[in-house]
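The following note sets out numbered points on the fold and on selected residues. Please read each point alongside the sequence and the model.

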Amino acid sequence: MKQFNFKLLVIEDDEPSRAYYEQIIKPIVKYVHFAKNAFEGIQLFNQHQHDLILTDINMPEMNGLDMIQRIKTKHIDLKFVVMSAYGQSDFFIRAIELGAKGFLLKPVDRFKISALLQDFGKQISLEKEYKKQQEENKKQRALLMQKSKLESLGKLASGIAHEINQPLGGISMGLENILQKIDNKAIDNKYLHLKIEAINGHISRINNILEHIRTFSMIQKDDLKTRFNLNESIHNALKLFKTELQNNKTELTVHLSKEPLFVRGNRFRMEQVIISLINNAIEAIIIKQNGHKDAYQKEISIKSELIKRKIKVCIKDNGIGIDSNNMDKVFDPFFTTKSAQKGGGLGLSVVYGILNDMDGDIRVESEKGIFTEFTLILPIATEEKQDERED
């Protein structure tokens, strides 16, 4: 007989019955503990966190159902089976209300208890395998998100460098001016104070850029959920594109809701969504430009609004568009029309996953060679629900 790898707790106040159950159960269940009363049962459960409890109902001092109710205050998903020689309906009704997974009438038939434990053994094994697979999927998904995020930052590297070079240039120029004033012995405290204040402003700007990139690039925990203004995430993401859009002579039109649009989730992952979609829009425009003999007016627009307690964000470009044959594949993992050197097909599947985690949705509309528009739809977050971080 196969021995199942789960933890079982048996509570029985009658010693001969405990010996009888032990003889039946030990060949079936690898980890089993026996308690002679409800208080000992609670103590053993707190120590070992059993997968299943098999308990007598009628016991001195505390009955089995009171014990189960006490344990379930902290372990709501507890699985338990009750045993009783009594036929009173109120016992079984209460057991059902507490969520009993089975009933055994005393004297318990060895074949019935054996069959019950084998069924539970198979069920618990499947549940543990499922949880293990879910954890593996969660880790894999986190790695894919991080890879997609770093790919986005790689594409933005030149723009980020320019954003930092501008204040560095201001610092350098300010210091040169101070040195010239010193050499000419024409410096005064007021001038020096103003220059140092300006230099500190440039340093602060660099620190803000680097700190934001550092925080953004960190692996974000799935359980970190806060209520934040979606418009601020859009502004933060757009800061990283300012130079690149200017260099590509792309017109950016931004129409954001005047009122704050509060959503609940991880604000850095929301920035990742915006960055990924704008990166795609820029690439679509550049590819279209390279295929045109004559220059065309490159345009990207982003707008946000509140419609019937749903937040709607639209990001549109007039690039190459999406082939109609690929429209139903764009959110599939690893689907891409780019070369292996230019993309791994993770961006839109990661975007879809992030929005799904926020109870949101994403839709796409496109016409080949004309435009592409992604629409994000998210529920508005009310103030009543407090920010949470589950450990």
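1. Ile311 has Leu378 in β12 as its bridge partner. The two strands concerned, β10 and β12 (residues 371-379), pair in the antiparallel sense over eight bridges; two strands are taken to pair if DSSP finds at least two bridges between them. Helices (H or I, at least four residues) and strands (E, at least two) are DSSP runs, numbered from the N terminus.

2. On provenance, this is a predicted model, in which local features need pLDDT of at least 70 and side-chain atom pairs count only at pLDDT 80 or more, while totals for chains, interfaces and linings use all residues. Residues are numbered from 1 along each chain as its sequence is written, and side-chain values use heavy atoms, with hydrogens and water left out.

3. The strands β10 and β12 belong to an open sheet of five strands with the order β7-β9-β10-β12-β11 and mixed pairing. At its edges stand β7 (250-255) and β11, each with a single partner strand, so one side of each has no neighbour in the sheet. On average, neighbouring strands of this sheet are turned by 10° against each other, direction ignored. Axes here are lines fitted to C-alpha atoms, for helices over the stretch in contact, and angles run from 0 to 180 degrees between N-to-C directions.

4. Two helices pack on this sheet. Helix α8 lies across β7, β9, β10 and β12 and runs at about 165° to β9. Helix α10 touches β7, β9, β10, β11 and β12, and its direction makes about 150° with that of β9. Contact means heavy atoms within 4.5 Å.

5. How do the two helices lie against each other? Helix α8 (residues 230-239) and helix α10 (residues 267-290) pack at an angle of about 50°, with their axes 9 Å apart. That angle makes α8 oblique to α10; angles under 35 degrees count as roughly parallel, over 145 as roughly antiparallel, 65 to 115 as roughly perpendicular and the rest as oblique. The contact is formed by Leu230, Ser233, Ile234, Asn236, Ala237 and Leu238 of α8 with Arg267, Met270, Glu271, Ile274, Ile275 and Ile278 of α10. These residues divide into eight nonpolar, two polar and two charged. In this division Ala, Val, Leu, Ile, Met, Phe, Trp, Tyr, Cys and Pro count as nonpolar, Asp, Glu, Lys and Arg as charged, and the others, Gly among them, as polar.

6. Ile274 counts as buried, at 0% relative accessibility; buried means under 20% relative accessible area, exposed over 50%, and partly exposed in between (1.4 Å probe, protein chains only). Neighbours within four places in sequence aside, Ile274 is in contact with Ile234, Ala237, Ile302, Ile315 and Leu376. The C-alpha atoms of Ile274 and Leu238 are 8.3 Å apart, although 36 residues separate the two along the chain.

7. Asn229, in strand β6 (residues 224-229), is also buried, with 13% relative accessibility. Beyond neighbours within four places in sequence, Asn229 is in contact with Pro260, Leu261 and Phe262.

8. A further open sheet of five strands has the order β2-β1-β3-β4-β5, with parallel pairing. The edge strands are β2 (29-35) and β5 (102-105), each with a single partner strand, so one side of each is left without a neighbour in the sheet. Neighbouring strands are turned by 20° against each other on average, direction ignored. Within this sheet, β3 (residues 52-56) and β4 (residues 80-84) pair in the parallel sense over four bridges, and Ile53 stands opposite Phe80 in β4. Helix α1 (residues 15-25) packs on the sheet, touching β1 (4-11), β2, β3 and β4, with its direction at about 175° to that of β2. Helix α2 (residues 38-48) lies across β1, β2 and β3 and runs at about 145° to β2.

9. Most residues other than glycine have a negative phi, and most peptide bonds are trans. A cis peptide bond, with omega about -5°, joins Lys106 and Pro107; Pro107 is found in the loop between β5 and α5 (110-155). Lys308, not a glycine, has a positive phi of about 50°; Lys308 lies in the loop between β9 (298-307) and β10 (310-317) and is exposed, with a relative accessible area of 81%. Asp359 has a positive phi near 60°; Asp359 sits in the loop between α11 (347-357) and β11 (361-367) and counts as exposed at 63% relative accessibility.
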